[in-house]
Amino acid sequence: MPAYEICYLDDHGVLTYKFMANCDSDGRAKVLAHAMKLPSAKRLEVWSGEALIYARPSDLAQDAFKQAS
């Protein structure tokens, strides 16, 4: 079973919390990351080793938001 590192960042991009989880698939790791997210976390990332599997908001969405501000 693959191990995933789930990270939560604040609105300045500073890591506030992270944990490791064994999940059956990337999809289950994504669901777990959302389920464990605290309202204070502004970004979440799911890593498998050195590979970023998932991030919300995505960098594309963040860039669009910054341009609209």
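User: Does Tyr 17 count as buried, exposed or partly exposed, and what is the relative accessibility?

Analyst: Note first that this is a predicted model. The class follows from relative accessible area: under 20% is buried, over 50% is exposed, and values in between are partly exposed. Tyr 17 has 48% relative accessibility, so this residue counts as partly exposed.

User: What does Tyr 17 form with Phe 19, and what is the angle between the planes?

Analyst: An aromatic pair is read from the ring centres and the angle between the ring planes; angles under 30 degrees count as stacked, over 60 as edge-to-face, and the rest as tilted. A search of the whole structure gives three such pairs. In one of them, Tyr 17 and Phe 19 lie 6.1 Å apart, centre to centre, with 45 degrees between the planes, and the pair is tilted. Phe 19 counts as buried because its relative accessibility is 16%.

User: How many disulfides does the structure hold?

Analyst: The test is a distance: two cysteine sulfur atoms must lie within 2.5 Å. Here the count is zero. As for burial, Cys 7 has a relative accessible area of 6% and is therefore buried. Cys 23 is also buried, at 7%.

User: Where is Arg 43 found, and is Arg 43 buried or exposed?

Analyst: Arg 43 belongs to strand E3, which spans residues 43-48. With a relative accessible area of 10%, Arg 43 is buried.

User: With which side chain does the side chain of Arg 43 make a polar contact?

Analyst: A polar contact needs a pair of N or O atoms within 3.5 Å, one able to donate a hydrogen and the other to accept it. The side chain of Arg 43 meets this with the side chain of Glu 45, at 3.0 Å.

User: In what order do the elements of the protein chain run?

Analyst: Read from the N terminus, the order is β-β-α-β-β-α. That comes to two helices and four strands.

User: What percentage of the residues of the protein chain count as buried, and what is the accessible surface?

Analyst: The chain has 69 residues, and 25% of them count as buried. Its accessible surface is about 4800 Å², with 57% belonging to carbon and sulfur atoms.

User: Among contacts between residues at least 6 apart in sequence, what percentage join residues at least 24 apart?

Analyst: For this protein chain, the figure is 33%.

Technical notes: Residues are numbered from 1 along each chain as its sequence is written. This is a predicted model: local features need pLDDT of at least 70, side-chain atom pairs count only at pLDDT 80 or more; totals for chains, interfaces and linings use all residues. Side-chain values use heavy atoms; hydrogens and water are left out. Rings of Phe, Tyr and Trp (its six-membered ring) pair if their centres lie within 6.5 Å; planes under 30 degrees apart count as stacked, over 60 as edge-to-face and the rest as tilted. Buried means under 20% relative accessible area, exposed over 50%, partly exposed in between (1.4 Å probe, protein chains only). Contact means heavy atoms within 4.5 Å. Accessible areas come from the Shrake-Rupley method with a 1.4 Å probe; for residues, only the protein chains shown count as cover.
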